[in-house]
Amino acid sequence: ISKFCNARMLDSLATLTNLVEELKGVNKEFLRCLNEVEQRTGSVEEELAEEKKRVAALDLRIAILVQRLDDQENRARRNNLRILGFPEQIEKGKPIQFLQEVLPKLLGLADGMQLERAHRSLVPRPAIGQHPRPFIVKFLRFPLKEMVIRRVRERGALVWEGNKILVFPDLSRELQEKRKKFMEVKKQLRDRGVKYGLFYPAILKICMGGKDYSFNTPNEAQDFLKKW
């Protein structure tokens, strides 16, 4: 019986030893696979980090190109003004002739205003009762356009045959949105009686205490006013 028991124990021990060896082999294989996964994960993370850098660089380059394109578009409109309020078809197909006759009288200027181009905004013609399309006017010379803007500011409200006439710089939509963001701070400056000007492309200049200050964003101007 003793010999039989010893034999059984030896067999069990041998079986257990084999299982341990198998487990060691399985564990070794598992560790190898885990190491490969970790290496691949590390490589993927590095590639992802590099890809994020490339995307960030491309985003920055696109933003710069968009800014340059917008700047070029606005510089191409440098001699332009947008004039709102004249009824549709009042020009009878001759916008340049119509504006050359009307604008000098409206602004108190001498005749002979030189316009290179003039046309209605390229949008569908409005229905009856809707606001008329603005005129897009290109002056032959930049100083003439600036003189017209000055005269508009000097004369205040413009009215032609019962129609309120408004004159604005002809700017890209993106730049118009940038300039609109200064509306609230400009109102605050007017309420305080502070001299200011919004200059191209969207720079707010304030004169306070005998000094001039420039701001590229409304937040900068707001912070300045709070501290003043």
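1. Two strands are taken to pair if DSSP finds at least two bridges between them. In this predicted model, strand β1 (residues 80-84) and strand β5 (residues 163-169) meet that criterion, pairing in the antiparallel sense over four bridges. Within this pairing, the bridge partner of I83 is V167 in β5.

2. Strand β1 also pairs with strand β3 (residues 135-139), again in the antiparallel sense and over four bridges. Here L81 has V137 of β3 as its bridge partner.

3. As a general background, nonpolar side chains tend to be buried together in soluble globular proteins.

4. Leaving aside residues up to four places away in sequence, L99 touches F86, P104, L115, A118, F135 and V137.

5. The structure holds seven aromatic pairs. One of them is formed by F86 and W160, whose ring centres lie 5.3 Å apart; their planes stand at 65 degrees, so the arrangement is edge-to-face. This pair links distant parts of the chain, 74 residues apart: F86 belongs to the loop between β1 and α2 (95-107), and W160 to strand β4 (residues 158-160). F86 counts as buried because its relative accessibility is 0%. W160 is likewise buried, with a relative accessible area of 15%. Together with F98 and F135, the residues F86 and W160 form one aromatic cluster.

6. A further aromatic pair involves Y213 and F224. Their ring centres are 4.6 Å apart and their planes are at 40 degrees, so this pair is classed as tilted. Y213 lies in strand β8 (residues 211-215) and F224 in helix α6 (residues 218-227); the pair therefore ties together parts that are eleven residues apart in sequence. Y213 is partly exposed, at 23% relative accessibility, whereas F224 is buried, at 14%.

7. Strands β6, β7 and β8 form an open sheet in the order β6-β7-β8, with antiparallel pairing. Each of β6 (195-199) and β8 has a single partner strand and stands at an edge, so one side of each is left without a neighbour in the sheet. From one strand to the next, the twist averages 20 degrees. Strand β7 (residues 203-208) is joined to β8 by five bridges, and M208 stands opposite K211 in β8. Helix α6 packs on the sheet and touches β7 and β8; its direction makes about 140 degrees with that of β8.

8. Two placements of a charged side chain over an aromatic ring deserve mention. R78 lies over the face of F142, at 3.7 Å from the ring centre. The charged end of K205 sits over the ring of F199, 4.9 Å from its centre.

Technical notes
Residues are numbered from 1 along each chain as its sequence is written. This is a predicted model: local features need pLDDT of at least 70, side-chain atom pairs count only at pLDDT 80 or more; totals for chains, interfaces and linings use all residues. Side-chain values use heavy atoms; hydrogens and water are left out. Helices (H or I, at least four residues) and strands (E, at least two) are DSSP runs, numbered from the N terminus. Rings of Phe, Tyr and Trp (its six-membered ring) pair if their centres lie within 6.5 Å; planes under 30 degrees apart count as stacked, over 60 as edge-to-face and the rest as tilted. Buried means under 20% relative accessible area, exposed over 50%, partly exposed in between (1.4 Å probe, protein chains only). A charge sits over a ring if NZ of Lys or CZ of Arg is within 6 Å of the ring centre and within 35 degrees of the ring normal. Axes are lines fitted to C-alpha atoms, for helices over the stretch in contact, and angles run from 0 to 180 degrees between N-to-C directions. Contact means heavy atoms within 4.5 Å.
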